[in-house]
Amino acid sequence: MSSSRPQNNNNPAADEVDPVADHDLDELAEDDAAEILEDAQVDSDGDVAMDSDDDEQETEEIHLQNDSIAYFDSHKHSIFAIAQHPIHTHLIATGGSEGEDDDAPGKGYVFDTSIAVSQQPLLPASYASDPVSSSARENTELKPLFAIDGHTDSINALTFTLPKGDFLVTGGMDGLVKVYMVGVPKGGDSSQARLKFLAESRETEEINWLIPCPSPEYPNTLALGASDGSVWVLTVDIKDRASPIRIVQSYFLHTGPCTAGAWSPNGNLLATVSEDSSLHVFDVWGVAGAKGLVTENGQTVVSLTGVDQRFAVEGGLYSVAIAPSGTFLAVGGAQGAIRIVGLPRLGGQSAPAAQIAGAGARRAATAEVSTQAGQILAALNVQSDGIETLSFAPAPQNLLAAGSVDGSIAVFDTARSFAVRKHIREAHEGAVVKVDFVKNAPQPGMTGWLLTSCGVDGVVRRWDLRGATASQNVAGTGLVKEWRGHQGGGEEGGGIFGFVQGETGERVVTAGDDALALVFEA
């Protein structure tokens with residue numbers, strides 16, 4: 001669908017909704033946009049030149065392709081972060097900056113995308129009484145439900161807590177963590193969601209990332225990484241009125257900015273990487289320690305730095321992901337370097353047998369589960385520039401996707417010695433910002449095969465990774481869907497900083513450098 005982009009109306013910040021009861025908590029939704037850009041010359045009398053043959057007075061109208069079904073344009077400047085409620089997936093939170101100046105405050109919003117009208121035709125356009133008008137539908141303008149204020153610098157990280165999305169947590173370049181209670185009516189109408197400020201905390205100077213812990217045993221827990229290299233694990237406890245934000249752990253092993261983090265699927269381990277080229281996998285809850293599987297520092301199950309030349313990545317590490325099995329992870333860094341590192345099998349299948357067979361078998365089991373911990377299982381270097389993003393496919397597939405600053409996406413087969421399955425060399429024009437597998441594809445047999453990506457070119461793409469192992473020289477190979485609407489990168493910036501797509505990938509909501517959040521429909 002092609003149309004003009006709606007103008008950025010810079011809607012005033014939504015008034016904060018009335019406070020909600022402490023237990024009426026849940027979450028928010030998704031958005032999109034479009035805009036008309038015109039350039040007309042004015043003569044000395046102040047009149048706009050019309051139908052002039054003079055090239056210097058010719059009016060130029062620029063039409064931008066816009067494939068979105070809805071847009072959110074309340075931000076005044078770049079949107080750096082986006083999050084989606086884990087249950088009420090129409091509920092979306094975004095964070096960014098109010099301007100280009102160094103002293104510009106941070107600003108965030110929560111909005112609902114459920115009002116975005118699906119544009120999937122029930123019948124082919126030829127069946128419509130007016131095929132032309134039926135194909136030229138207007139985008140839905142999304143309004144803020146709640147405005148997030150109080151950050152003195154950009155909001156560059158935010159997340160809803162797991163498992164129920166009871167809280168929205170924001171992190172800023174001012175080092176501030178702010179927590180809001182999220183309430184959704186019992187009927188589940190996310191358009192009626194309410195948020196209420198709970199507490200704030202500042203433990204560091206600048207926050208780089210926030211991720212929620214997936215363990216149901218430790219609800220409403222999150223980890224954050226900071227520019228000073230520190231790593232923090234926090235828990236939100238509404239019952240503690242005096243101090244609802246509690247520090248669970250704090251780590252200071254990185255000597256450079258902590259650039260990325262990832263929880264193991266069971267939430268027992270937290271892996272973090274840094275610009276100093278180090279990897280540390282923390283035993284947050286002491287599960288590995290109880291089995292004697294921690295390193296000499298007593299905090300980690302794996303600690304690797306550039307001192308080990310097999311692991312060293314000159315220029316730093318910038319991405320990390322843990323396999324669904326929890327038995328190994330991937331880190332990505334400068335110059336296209338990827339390292340695959342083994343993790344201890346904390347829930348190893350050999351444990352029951354050891355319990356039955358006695359102490360000797362238990363010692364053997366411990367040795368077995370710790371054998372691969374910290375081992376460098378593979379060193380990959382297919383791409384030519386930094387690896388900004390990594391994603392493992394959900395079961396039953398065994399795939400690892402890596403997005404690079406060189407614009408390519410490489411896909412590795414983790415079950416076949418990490419052989420290259422696909423190398424899409426021109427996946428995006430410019431850096432690939434994020435790759436993410438669709439977790440539960442609605443199409444039969446497609447789970448684990450569909451990959452979504454975005455880049456600084458302002459484009460979102462969906463890839464079908466089935467097919468023989470091959471090196472792909474054409475960006476279109478395996479491309480099943482493409483969405484446009486954001487400004488692409490250039491001297492004045494542009495592109496997409498992130499997206500969310502729920503479990504099914506049927507709707508993708510983006511965070512744009514052009515201050516727009518767009519909703520695309522698969």
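A residue is called buried when its relative accessible area is under 20%, exposed when it is over 50%, and partly exposed in between, using a 1.4 Å probe and protein chains only. By that definition Arg461 is buried, with a relative accessible area of 9%. The model is predicted, so local features need pLDDT of at least 70 and side-chain atom pairs count only at pLDDT 80 or more, while totals for chains, interfaces and linings use all residues. Residues are numbered from 1 along each chain as its sequence is written, and side-chain values use heavy atoms, with hydrogens and water left out.

**Salt bridges around Glu482**

- The structure holds 10 salt bridges, a salt bridge being a side-chain nitrogen of Lys or Arg within 4 Å of a carboxyl oxygen of Asp or Glu.
- One of them joins Glu482 to Arg461, with the closest N and O atoms 2.8 Å apart.
- This pair links distant parts of the chain, since Glu482 lies in strand 33 (residues 479-483) and Arg461 in strand 31 (residues 460-464), 21 residues apart; strands here are DSSP runs (E, at least two residues), numbered from the N terminus.
- Glu482 also meets Arg484 in a salt bridge, at 2.9 Å from N to O.
- Through shared partners, salt bridges join Asp457, Arg461, Glu482 and Arg484 into one network.
- Glu482 counts as partly exposed at 28% relative accessibility, and Arg484 is likewise partly exposed at 28%.

**The Asp464 and Arg466 pair**

- The side chains of Asp464 and Arg466 form a salt bridge, at 2.7 Å from N to O.
- Asp464 is buried, with a relative accessible area of 14%, whereas Arg466 counts as partly exposed at 42% relative accessibility.

Terms used: Helix = DSSP H or I, 4+ residues; strand = E, 2+ residues; numbered from the N terminus.
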